[in-house]
Amino acid sequence: MSNQQVHEFDYMAGAGEVEDFTYEMDDEIRDGGGEEMGLDEYELITKVTDTSAPQARMGKDIQGIPWDRLNITRENYRLTRLEQYRNYENVPSSGETIDKEYKQMEKSGKYYEFFHNTRLVKPTILHFQLRNLVWATSKHDVYLISNYSVMHWSSLSGNLSEIINFAGHIAPIERHAGNLLEGFSQAQISTLAVKDNFLVAGGFQGVLTCKRLDRKGVSFCTRTTYDDNAITNAIEIYDSMRVGTHFMASNNDCGVREYDMERFQLMNHFHFPWPVNHTSMSPDCRLMIVVGDHLDGLLVDPQNGKTIANVVGHRDFSFASAWHPDGCIFATGNQDKTCRVWDIRKLSSPISILKGNLGAVRSIRFSSDGQFMVVAEPADFVHVYSTKANYMKRQEIDFFGEISGVSLSPDDESMYIGIWDRTYASLLQYNRRHSYGYLDSYL
């Protein structure tokens, strides 16, 4: 990933992908048909309000953007975004080449429907290439990064609470070998993972912090390296074939480290020829996808770190990967604006190449039942593909703002999308659509 450093949360505007949505809209908000808008009216337009499903059905914008008061329509502004958004590329013109060669899949599905948008929740992004900062542990419980804090949102109670504040001093309360007992201060958190009762946050200089959600305090703190460049790019928590819960940390120092979650001991440390941006463990824990600052991905044996096969086809660096629950299909997301779907039984070419609208594929999630694959671009668009339709049909979820992360609840009933923006930061919730027969009304 990019070696550029970041010390403020408005770093993204200088990173090349996009100018802030609010700044782009500033002229439209303040321009009342040529006359300067009054302060009261400006405050009314930018007032923080939630949006419910009934309000959206009545015509309210899901983000609360008052298009009727602006000097541009939503449709025209969408065209402007599509024309002007600057996709970040490490390989020049990789996205333009894809645009010429591939078309998008049919936009005909409707698998999830809008339920609620809360602007009380304000997701943020530290590094513009890392977008795994939102995790749902149930259809009501969501964990996310907001500035220096890990926050918990309950859609059931409408309560937002702070879990860890990294702005101050963090130190572990448990004793484990390798635990950094003195802790650290003002850690910059670049990635997050939450599963069941475990939370792991990773950051700059190889920072790793582990917490059990049913206990007070932090269980484990460590620095895998003191190299300023060694950012923790991604974390995956999974049930190990060795019994117990483990997590894998992908790092910019070209390393992948495996820890157990009982004693927080380092189990494996694998080295690769380039910075590792993301890894995903197969459902049976016998294979691992490794992608990073290289055109090719790798299928790796997680027991010894040896490469089993190269995954060839992308035109730029990859930042996302995920496994289908069947353990045969996996997907990779790339800055060439594509998500490619692969079958381990035939790796010579992908079984599907899915093109985005604006930019890089930064996050991929398969539903637990395997029926859907969710693909998030860096901004404005999340796509839900039907695996039953061989990825030929998709639902397009359309909004404005940078995406801090996307997550499906374990039961697939809820999908959450974090939106980063100076004015319209929020958390979108979509719920799974069901087709019930008339007999179901009696159950």
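A pocket is an open set of points, on a 1 Å grid over the protein atoms alone, with protein on both sides within 12 Å along at least five of seven lines, and its lining residues have an atom within 4 Å of a point. Grid points are joined across faces, edges and corners, and a volume is the space filled by probe spheres set on the points.

The model is predicted: local features need pLDDT of at least 70, side-chain atom pairs count only at pLDDT 80 or more, and totals for chains, interfaces and linings use all residues. Residues are numbered from 1 along each chain as its sequence is written, and side-chain values use heavy atoms, with hydrogens and water left out.

**Stop 1: the second largest pocket**

Select Lys110, Tyr112, Glu113, Phe114 and Tyr430, which are the closest to the centre of the second largest pocket among the 16 residues that line it. The space there is about 370 Å³. Helix H3 (53-57), strand S5 (112-118), S31 and strand S33 (426-432) each give at least two residues to this lining; helices (H or I, at least four residues) and strands (E, at least two) are DSSP runs, numbered from the N terminus. By class the lining has eight nonpolar, three polar and five charged residues. Here Ala, Val, Leu, Ile, Met, Phe, Trp, Tyr, Cys and Pro count as nonpolar, Asp, Glu, Lys and Arg as charged, and the others, Gly among them, as polar.

**Stop 2: the largest pocket**

Next select Trp135, Lys195, Glu236, Ile237 and Phe366, the closest to the centre of the largest pocket out of 36 lining residues. This pocket holds about 990 Å³ of space. Strand S16 (232-239) is one of the elements that give two or more residues to the lining, and S16 gives the most, with six. Other elements with two or more include strand S6 (134-136), strand S12 (189-195) and S24. The lining divides into 18 nonpolar, 12 polar and six charged residues.

**Stop 3**

From S6, follow the chain through four residues of a hairpin into S7. S6 and S7 are antiparallel and share three bridges; two strands pair if DSSP finds at least two bridges between them. Pick Val134 to find its bridge partner in S7, Leu144. Strand S7 (residues 141-146) has five of its six residues buried, that is, under 20% relative accessible area with a 1.4 Å probe, protein chains only.

Six bridges then link S7 to the antiparallel strand S8 (residues 149-154). Ser146 faces Ser149 in S8. In the hairpin of S7 and S8, with two residues between the strands, Asn147 has a positive phi near 55°.

**Stop 4: an open sheet**

Now select S24, S25, S26 and S27, which form an open antiparallel sheet in that order. Strand S24 (318-323) and strand S27 (352-355) are the edges, each pairing on one side only. Strand S26 (residues 338-343) meets S27 through four bridges, and Arg340 has Ile353 as its bridge partner in S27.

**Stop 5: the cavities**

A cavity is a set of points where a 1.4 Å probe fits but cannot get out. How many cavities of 30 Å³ or more does the structure hold? There are four.

For the largest, at about 60 Å³, select its lining: Tyr238, Ser240, Met241, Arg242, Glu258, Met281, Cys285, Pro302 and Gln303.

Methods
Buried means under 20% relative accessible area, exposed over 50%, partly exposed in between (1.4 Å probe, protein chains only).
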